[in-house]
Every structure is written in structure tokens, then in C-alpha cells.
Amino acid sequence: MSNLERRAWIYAVVAVVVPVAYAVALLVRAPAGGIAASHYAGPMVAAVVGAIVLNIVAGIVAGMWGPGRAEPRDERDRAIDRLGEYVAFYVFSIAAVVPLVLAMREAPYFWIANSLYLGFSLAALVSSVVKIVAYRRGF
Amino acid sequence: MGKPTRVTNSIRALRFAHGEMTQQELAERIGVTRQTVIAIEQGRYSPTLETAFLIARVFAVPLEEVFQYPEEHA
């Protein structure tokens, strides 16, 4: 497994674990007035920053061990990366319709912000899965 | 799922015909990773035209001896 494929696996795991942890944290601390009344901004910022830090640290650690650790990115890696980002763009473009509609309907900020976050997370996950499939099966 | 490309290649045979050249050695000579050479050999990745020419140059053969594309039958 190449270093970049390992990174795609890390991105996929982080794209699942962090949003799930964020959702659990929100649900556990939900106020009596409903989850939409909860203070989501702090946990969301922590989730976004945490995911970035986790990806960087895990990527560095994964790059220090195993075969392919010293290999530079080549044309296939770049092509797979482009494919993943291309698909992620479309996933996020479609997912962005939800917060757009919510904003038009003047829904609570909670739902607008969280549907945006869900869109980011989905795009990150799909991008990683596309890259992993491309590495495994070819494209 | 079938192979993502109809292009076939003779890289494995050419490597063995050239002193059992390793995938790593070929990768280093054409400037890609060993994983990419493996993917090309197995038909999981079609290299760029530039890399295809580089592979042919390593084995000192025309491109058609390295890569083949099936004939269309009407």
C-alpha cells in the first residue's frame, strides 16, 4: 500500500469518526428545548479543527513507517487525487442544496450550519472512498 | 468488476527478457512508484503517453511491443 493510499484510508476514518463523535456530543448535551437550541458552535469548531489536526498527525505518523513511506507522489497518485476531488466537488455541490433551502425557509441557524457540516463530511468521506477504490481496483 | 482499461501490455515479459529487471528498477528508471508499475502491469492503470514512451525506451522497443489495444470487430 502506497503512502498516499494510507492517507486516503486515514481521511476516510477521520471523516466518519469525527462527525459521529460530534453528533454524539451534541445529542448527549442536548437541552430540554430540543437539539436545535443546543450550543453547537464550539463543538463544531472543535470537530473541524480536530479533524484537520488528526489528519495531519496521522498522515505524518503513517508516512514514517511501512513500505512506500519515502516514495514521492507520481502521475497515478495525482490522477487518483484529481478524481477524488472531482467527485467530492459534485457531492458537496448537491449537499449544499440542503442548507440553501433551509436558509431560504429561514430555518434555525443550527440546522443550516449542521447541514453544511454534514455536506463537508460527506464530501470528505466520498472523496476518500473514491481514492481507495481507484487505488485498489484501478480506474 | 472488469479491468478499467482494454489496453494490455507485455511489461512483465519484457522485464524478464531484460535481465529479470525488477518492478522497482523499472519504476526508478521511468520516475514512478513501484505501486504504479504494478498497477500498469496488471491493467489497473493506463499510464500517460509520456510514461508509455519512457517504458518503451527502457526496453528499446517500439511502443506497440509494450502496449496493445484489441482490434475492433465489425
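Predicted model: local features only at pLDDT ≥ 70, side-chain atom pairs only at ≥ 80, totals over all residues.

**Exercise 1.** Determine at what angle the axes of α4(A) and α5(A) cross, and which residues make the contact.

*Solution.* Residues are numbered from 1 along each chain as its sequence is written, and chains are lettered from A in the order in which they are written. The axes, which are lines fitted to C-alpha atoms over the stretch in contact, come within 8 Å and cross at roughly 170°. That makes α4(A) roughly antiparallel to α5(A), the term for angles over 145 degrees. V98(A), P99(A), L102(A) and A103(A) of α4(A) meet W111(A), I112(A), S115(A), L116(A) and G119(A) of α5(A), contact being C-beta atoms, placed from the backbone, within 7 Å.

**Exercise 2.** Describe how α3(A) packs against α5(A).

*Solution.* Helix α3 (residues 75-95) of chain A and helix α5 (residues 109-137) of chain A have axes 8 Å apart, at an angle of about 150°, and are therefore roughly antiparallel. Among the residues of α3(A) in this contact are I80(A), L83(A) and F92(A), while those of α5(A) include L118(A), F120(A) and V130(A).

**Exercise 3.** State where in chain A confidence is lowest and where it is highest.

*Solution.* The mean pLDDT of chain A is 91, with 96% of its residues reaching 70 or more. Confidence is lowest in helix α2 (residues 41-64) of chain A, at a mean of 92, and highest in helix α4 (residues 97-104) of chain A, at 97.

Terms used
pLDDT = per-residue confidence, 0-100. Helix = DSSP H or I, 4+ residues; strand = E, 2+ residues; numbered from the N terminus. Axes fitted to C-alpha atoms, helices over the stretch in contact; angles between N-to-C directions. Parallel < 35°, antiparallel > 145°, perpendicular 65-115°, else oblique. Contact = placed C-beta atoms within 7 Å.
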